[in-house]
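Hi,

Here is the structure we talked about. Please open it alongside this note, which goes through what was found.

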Amino acid sequence: MTDYVRYVDRPGWDDVVPIEQYENGSPLAPIFYTNEYKDVANYFRGIVKTGEKSERVLELTEHIIRLNPAHYTAWQYRYETLIAIDADLEKELKLMDELAITHLKTYQVWHHRRLLMLKIRKPIPELRFIAKTFLVDAKNYHTWSYRQWLLAYFNDEDLWAGELDFVEQLLYADIRNNSAWHHRFFTVFQSGVHDGEQDRERVLKRELIYVKQSISLVPNNASAWNYLRGVLEQNSIPFSKMITFVQPYTLPMEEQTTDLVDLDNPPPSKTAHLPCALAIEFLADVYEAEGGDSMLKATELWKSLGNEHDVAHKKYWEYRIREGLRVLQT
Amino acid sequence: MSGSPENDFYLPPLARVAHAGHVKRCLSGLPDSQVDLDSGRMAVAFYCLGSLDLLNMVQVKTSETDRESWREWIWEQQISGNYGSGFRPGPFMSRSTQGATAHTDYDTPHIIMTYTALLTLAILRDDFSRLDKKGILSFLKACQREDGSFSTIPGSGETDLRTLYCAFVISHLLDDWSGVNVERALAFIASCRTYEGGYGQSPFCEANGGTTYIAMAAIHLAPVTSNPLTPSEKQKTIDWAVHKQHPSGGFCGRTNKVADACYCFWLGGCLKILGAGDLVDSRSLASFLATCQFKFGGIAKAPGEHPDPYHTYLSLAALSMFPPPISATEKSNGSSWTFDPLDPLINAREETAKWARSYIAIPR
């Protein structure tokens with residue numbers, strides 16, 4: 001950095017006494033800081049020591065954060081300064097829009113945003129901002145976590161209104177996006193009853209049709225099967241109720257018989273890769289729950305998974321067979 | 001090649017010496033491009049020295065002088081004040097030229113760094129005579145929040161399941177749980193469970209391998225007589241975790257994600273803790289990790305990526321729990337895949353865990 005201007009040479013900083021980092025002779029995993037980083041960190045330590053909270057502290061902490069977005073003390077001090085000088089928090093949020101995209105995977109960027117939102121209390125534009133970041137990474141854990149927090153914390157019906165459509169767009173773009181499936185479950189079942197969702201029978205039916213149609217398009221999708229299981233368990237519906245739907249997926253393509261359009265039991269698409277291991281697993285669970293003679297049917301299915309359709313988990317299917325037979329004998 | 005079906009491919013050697021070289025290089029210094037590790041240096045030190053420990057190379061690859069001065073450096077990070085005592089990540093907010101031992105509001109102990117400092121000192125076979133044990137209990141109290149979770153530093157809103165796990169390991173090592181409200185903490189864990197059978201980082205979040213390991217380890221460390229999980233909940237977590245192992249042998253952290261070396265530890269450890277370690281295909285796990293080896297040493301998160309101490313350590317920790325069966329041909333190449341057993345609850349080589357327990361525990 002040849003054209004870097006040190007703080008000592010900047011107007012308006014000559015009153016600050018920089019403090020060097022103290023470190024003994026044999027540090028573990030020291031970072032070979034650049035001269036620029038050392039300079040700004042020395043001034044930051046100097047400022048923190050005097051306790052100054054002023055406009056120029058915002059300049060200094062922004063400088064540090066751009067070089068090291070994980071510097072949690074710089075974030076903490078920046079936030080306290082913003083509050084102390086009654087700074088324009090909307091302006092700060094604009095800056096964060098830029099920094100969040102650059103440092104999507106840094107926890108602090110999202111934590112700071114959360115603190116700002118607790119003061120600004122305008123969560124709706126935030127949902128739009130998050131949607132934009134999903135164009136960069138639609139599975140980013142921090143971003144999803146922030147969205148879930150916003151919804152649960154402000155819990156405003158205007159906020160929830162667009163969530164299902166939003167999830168559907170994401171699933172349309174990537175049917176295997178498990179974060180979106182999870183968010184759907186959170187929205188529909190784990191965040192209270194939202195406007196327009198009071199008829200729970202209708203909601204349940206809608207969700208079952210949605211997930212079944214998704215499976216019919218792409219059967220080998222663990223996210224959709226997990227969602228189906230989750231919906232059934234959440235609503236205390238036995239898995240056996242799905243047997244008509246699931247059975248065709250456990251058979252090879254040449255054994256498919258139905259050409260009827262049955263909305264409750266959409267058949268596998270013509271291009272599906274069948275039989276589907278996740279369907280076989282589901283059917284085996286149905287037989288296991290029935291117990292008695294059905295347990296033998298379950299063990300046959302587990303055998304076929306371990307030997308043919310899901311050999312990567314062979315040890316697991318052998319274990320299920322052992323457990324099943326043990327139950328049968330007692 | 002051996003006739004047994006699980007040995008139907010050749011497992012290349014594990015480049016133990018090269019991996020030790022990688023972590024030793026990181027211990028001696030990191031380039032500025034990794035300046036974001038500055039506020040987590042203690043953890044980096046743990047991953048580096050922990051890797052050497054798992055490789056059984058601490059004695060061979062470091063001198064007593066090194067170890068002595070590293071212990072000194074770690075003790076310089078123990079600081080005390082009105083929040084109690086604990087370890088900070090490093091001296092990046094140090095105020096003075098003498099090793100200050102009093103903390104300020106901007107230079108405080110950090111709960112994750114306290115956990116990693118204790119384990120690193122145990123790896124270096126410190127006698128812990130300088131540990132402010134009572135101070136650590138106050139520090140844990142200062143970090144626990146109303147909802148049962150723990151913040152990284154006192155007063156911060158930065159909280160998730162990781163910090164709760166650290167508080168539990170620390171209490172377990174001290175053999176004193178008076179610093180935490182266990183009941184509330186367990187309730188917080190339960191609130192992070194999802195319909196998939198795994199645990200998210202916070203309530204409402206998607207199930208993730210790292211936090212599910214942490215939830216299971218914390219539940220098993222907790223001083224409670226009955227397991228808070230019902231048998232069917234436990235079974236569901238096992239099912240979910242097993243399915244995260246890819247045909248490649250590696251584990252992914254969430255449903256439908258790609259395999260990543262670190263999840264071989266997180267999900268393997270979760271299964272081990274749940275008594276289902278034998279459901280892991282250890283042979284294919286090793287073959288996945290073999291492909292994550294970087295040609296100049298170190299293990300990366302995935303094939304073709306750059307290595308780092310975090311993925312190197314967690315890969316070796318996974319192998320310590322799941323050493324692969326080896327064919328006769330492979331055996332003749334030496335025992336590069338042999339490891340000492342690991343304590344899956346606190347994530348340290350068993351011998352190191354034993355040392356930590358006996359020296360850190362508060363005498364009754």
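First, a term: helices (H or I, at least four residues) and strands (E, at least two) are DSSP runs, numbered from the N terminus. This is a predicted model, in which local features need pLDDT of at least 70, side-chain atom pairs count only at pLDDT 80 or more, and totals for chains, interfaces and linings use all residues. Residues are numbered from 1 along each chain as its sequence is written, while chains are lettered from A and ligands numbered from 1 in the order in which they are written.

Chain B overall

Chain B has 15 helices and four strands. Its radius of gyration is 20 Å, close to the 21 Å that the globule rule gives for 364 residues, so chain B is as compact as a globular protein of that length. (The radius is taken over C-alpha atoms; the rule is 2.2 Å times the number of residues to the power 0.38.) Along the principal axes, the C-alpha atoms of chain B fill a box of roughly 65 × 50 × 40 Å.

Of the 364 residues of chain B, 59% count as buried. Buried means that 20 or more other C-beta atoms lie within 10 Å of the residue's own; exposed means 12 or fewer, partly exposed is in between, and C-beta atoms are placed from the backbone. Take contacts in chain B between residues at least 6 apart in sequence: 67% join residues at least 24 apart. Two residues are in contact if their C-beta atoms, placed from the backbone, lie within 7 Å.

Where the chains meet

The contact takes 52 residues from chain B and 53 residues from chain A. On the chain B side, helix 1 (16-28), helix 2 (41-54) and helix 4 (64-76) are the elements that give two or more residues. Helix 4 of chain B gives the largest share, five residues.

Inside chain B

Helix 7 (residues 161-174) of chain B has 14 residues. From first C-alpha to last, helix 7 reaches 20 Å, close to the 20 Å expected at 1.5 Å a residue. That expected span is 1.5 Å times one less than the number of residues. Helix 7 of chain B is mostly covered, with 13 of its 14 residues buried. Just after helix 7, Asp175(B) takes a positive phi of about 55°.

Ala317(B) lies in helix 13 (residues 309-321) of chain B. Ala317(B) is buried, because 28 other C-beta atoms lie within 10 Å. Leaving aside neighbours within four places in sequence, Ala317(B) is in contact with Leu54(B), Phe265(B), Leu342(B) and Asn347(B).

Backbone points to check

Most residues other than glycine have a negative phi, and most peptide bonds are trans. Phe204(B) counts as buried, because 23 C-beta neighbours lie inside 10 Å.

Asp86(A) is not a glycine either, and has a positive phi of about 55°. Asp86(A) sits in the loop between helix 3 (72-84) and helix 4 (89-102) of chain A. Asp86(A) is exposed, because 7 other C-beta atoms lie within 10 Å.

The peptide bond from Leu274(A) to Pro275(A) is cis, with omega near -5°. Pro275(A) is in the loop between helix 13 (243-246) and helix 14 (277-290) of chain A.

Best wishes
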